[in-house]
Amino acid sequence: MAQAKTQLSEMDPAEFIAMVQPERKREESHRLDALFRRVTGVEPRMWGSSIIGYGAYRTTYASGREVHWMRTGFSPRKARHSLYLMGGYCDQETGARHAAALDRLGKHARGKSCLYVNKLADIDLAVLEEMIRADWEAMNRRYPT
């Protein structure tokens, strides 16, 4: 079976954040890191060269493909932050809670398993924290450690 393209990395998340440009994006990355740490209670690890992940899980798809991936995380991309909230996609109840929270979040875009935010000033961080917490709990229910 083919492995996922993005693998766990030995890069230090703090060193990665220190290199994020521009400065506003770097400062926001520090704020997001603090938020994810507070909610998850775990130290981050790098996935590939640009994703900061919190926790990990393993699963096997119906196709037989085995996946090792982070439970939640973010990447400070050039155009916008990518927030990885997988719990809302693998748990119907959490997905419904996310949908309701998105109405209160502020300016954002969505992908299959990502939430995109241009800048933190565009969103309500309390709502984002609520979403991360629900996501973390869903992932822990579905994939216990």
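The report below takes the sheet, then the helix across it, then the pocket.

This is a predicted model: local features need pLDDT of at least 70, side-chain atom pairs count only at pLDDT 80 or more, and totals for chains, interfaces and linings use all residues. Residues are numbered from 1 along each chain as its sequence is written, and side-chain values use heavy atoms, without hydrogens and water.

**Sheet.** Six strands make an open, antiparallel sheet, ordered β1-β2-β3-β4-β6-β5. Strands are DSSP runs of E, at least two residues; helices are runs of H or I, at least four; both are numbered from the N terminus. Two strands pair if DSSP finds at least two bridges between them. β4 and β6 pair over four bridges. Here H81 stands opposite V117 in β6.

| β4 | 81-85 |
| β6 | 114-117 |

The largest pocket has a volume of about 450 Å³. A pocket is an open set of points on a 1 Å grid over the protein atoms alone, where a 1.4 Å probe fits, with protein on both sides within 12 Å along at least five of seven lines; lining residues have an atom within 4 Å of a point. Points are joined across faces, edges and corners, and the volume is the space filled by probe spheres set on them. Of the 18 lining residues, Y57, Y61, W69, M86 and S113 are the closest to the centre. β2 (51-60), β3 (66-76) and α3 (87-90) each supply at least two lining residues. β2 gives the largest share, three residues.

**Helix.** Helix α2 (residues 23-40) lies across β1, β2, β3 and β4, at about 130° to β3. Contact means heavy atoms within 4.5 Å. Axes are lines fitted to C-alpha atoms, for helices over the stretch in contact, and angles run from 0 to 180 degrees between N-to-C directions.
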